[in-house]
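Hi everyone, thanks for coming. I'd like to walk you through a structure that may be new to you, so please take a look at the screen with me.

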Amino acid sequence: MTEAYVALEDGRVLEGRGRAPGTARGELVFTTAYTGYEESLTDPSYEEQVLTFSYPLIGNYGVREERFEDDRVHPRAALAKEFTEDVAEWLESEGVPAVDHLDTREVVTTIRDGGAMKCGIAVGEDVTEEDAKEQLEQCEAMSDHTEIGAQVSVDEVEVHGEDNDGETVALVDCGAKGSIVDSLLARNATVHVLPHDASVADVEAVDPDVLFISNGPGDPVNFEQAITLVEEFVEDTPVAGICLGQQIVAEALGGTTEKMDFGHRGVNQPVLDLESGQVVMTTQNHGYTVAEPGEHLEITQINVNDDTPEGIDGIEYDVITRQYHPEANPGPEDTLDFFDSVLAMADSRSEQAVPADD
Ligand SMILES: NC(=O)CC[C@H](N)C(=O)O
């Protein structure tokens with residue numbers, strides 16, 4: 001059997017069964033999602049992380065490309081109690097190391113007690129504990145990946161739904177999930193997907209009804225240009241954001257963000273809407289959070305478990321953002337109407353812009 005080692009920042013080295021060979025390093029995180037492994041493994045927000053599945057059997061309904069959120073696997077490695085053959089083969093074909101037969105409950109409690117931590121992985125015929133430890137030594141902290149946007153963004157503008165006659169969306173791709181584009185297209189929008197470092201002129205060329213900042217990996221302060229775009233456009237153009245997008249909007253408008261101990265990753269995170277009193281179930285995948293919204297933004301929704309901000313509105317600007325993933329995939333579709341709200345906000349602004357006849 002192939003050797004497989006996972007070296008943790010707390011000094012321990014776990015031994016498991018090698019399912020896909022290679023060496024890797026990254027921030028060790030866990031998701032409690034019990035379905036949606038294809039979506040999670042192709043979610044660009046997991047770039048530079050090692051994803052542990054707390055649900056014990058991963059792969060029991062196969063691997064189908066139509067469920068992918070992007071064209072490649074993003075976590076640096078994957079850990080589980082048991083991967084099916086389908087998933088192991090898929091990860092091997094993607095060159096992403098995989099280890100199973102691990103006590104994932106122990107991994108989860110370690111992360112919950114010690115916080116998200118660095119790890120090193122070595123899987124293969126001849127690898128040793130030392131190889132995993134060497135990976136760990138070379139592992140950078142999440143916030144030190146300052147160029148992470150370039151790893152996950154489109155290089156050139158892509159236009160989707162050109163023939164749609166709804167709103168025009170400039171989606172700044174900081175690692176956007178495919179389902180965000182799909183959710184907008186399903187509502188008749190035309191979506192211009194712009195690189196993470198798009199210039200003010202690039203956005204002006206689109207003349208969007210809404211500037212939409214996507215989800216994405218790592219520390220929001222590393223997305224300087226997206227922060228600048230929000231600052232530049234917020235007075236005249238409605239702004240929306242999902243996950244990293246919410247954090248970038250807060251950074252742009254006088255708020256602050258911070259790293260959480262171990263983040264929220266799963267498909268049953270309860271969120272309370274402060275105005276309606278309604279609680280919805282949401283999909284989440286984040287390790288940073290808005291700490292202070294600043295004077296231009298107000299918190300409209302909070303996480304029931306830890307009170308962190310989940311929904312934010314502009315006070316004097318047209319802004320709505322969500323920390324969770326309204327597009328689901330994986331997870332519940334309770335909050336898909338976020339996209340209706342974003343497009344209604346865009347529509348009301350474009351109507352105001354039409355000069356009166358008289
Ligand atoms: N899903 C996301 O957009 C993640 C946002 C950010 N990278 C975080 O970890 O908090």
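Let's start with the shell around the ligand: by class, this shell has four nonpolar, seven polar and no charged residues. In that count, Ala, Val, Leu, Ile, Met, Phe, Trp, Tyr, Cys and Pro are nonpolar, Asp, Glu, Lys and Arg are charged, and the others, Gly among them, are polar. This is a predicted model, where local features need pLDDT of at least 70 and side-chain atom pairs count only at pLDDT 80 or more, while totals for chains, interfaces and linings use all residues. Residues are numbered from 1 along each chain as its sequence is written.

Who is in the shell? The residues surrounding the ligand are Ser45, Asn215, Gly216, Pro217, Gly218, Cys243, Leu244, Asn285, His286, Gly287 and Tyr288; a residue is near a molecule if its C-beta atom, placed from the backbone, lies within 6 Å of it. Strand β17 gives the largest share of this shell, four residues. Helices (H or I, at least four residues) and strands (E, at least two) are DSSP runs, numbered from the N terminus.

Now for the database view. The unreviewed UniProt entry has a "binding site" annotation that covers Ser45, Gly216, Gly218, Leu244, Gln247, Asn285, Gly287 and Tyr288. These residues span 244 residues in sequence, but no two of their C-alpha atoms are more than 13.3 Å apart, so they gather at one spot. A word of care: UniProt positions are in the numbering used here, feature names are shortened, and annotations may be inferred rather than shown by experiment.

Let's zoom in on two of those. Gln247 lies in helix α9, residues 244-252. Is Gln247 buried or exposed? Gln247 is buried, because 32 other C-beta atoms lie within 10 Å. The cut-offs are these: buried is 20 or more other C-beta atoms within 10 Å of a residue's own, exposed is 12 or fewer, and partly exposed is in between, with C-beta atoms placed from the backbone. Not counting residues up to four places away in sequence, Gln247 touches Pro220, Thr257, Tyr288 and Val290. Contact here means that the C-beta atoms of two residues, placed from the backbone, lie within 7 Å.

Leaving aside neighbours within four places in sequence, Tyr288 is in contact with Asp219, Pro220, Gln247, Thr257, Glu258, Lys259 and Met260.

Stepping back, let's look at the domains. The domain assignment gives domain 1 (3-140) and domain 2 (148-353), with bounds that come from an automatic or database assignment. Their C-alpha centres lie 28 Å apart. How many residues meet between them? 21 residues of domain 1 are in contact with 24 residues of domain 2. On the domain 1 side, β4 (22-31), α1 (37-41) and α3 (104-114) each supply at least two residues, and β4 gives the largest share, three residues. By class, that side has seven nonpolar, seven polar and seven charged residues.

The largest nonpolar core has 46 residues, of which Leu171, Val172, Phe212, Val230 and Val342 touch the most other members. A nonpolar core is a set of buried Ala, Val, Leu, Ile, Met, Phe, Trp, Tyr and Cys residues joined through C-beta atoms within 7 Å. Helix α10 provides the largest share of this core, six residues. Another core, of 43 residues, lies apart from it and includes Tyr46, Ala88, Trp90 and Ile111.

Most residues other than glycine have a negative phi, and most peptide bonds are trans. Asn188 has a positive phi of about 70° although it is not a glycine, and lies in the loop between α6 (178-185) and β13 (190-195). Asp307 also has a positive phi, of about 65°, in the loop between β18 (297-303) and β19 (309-314). Asn188 counts as partly exposed, with 13 C-beta neighbours inside 10 Å, whereas Asp307 is exposed, with 10. And the peptide bond from Asn329 to Pro330 is cis, with omega near 5°; look for Pro330 in the loop between β20 (319-322) and α10 (337-353).

That's my tour, so over to you for discussion!
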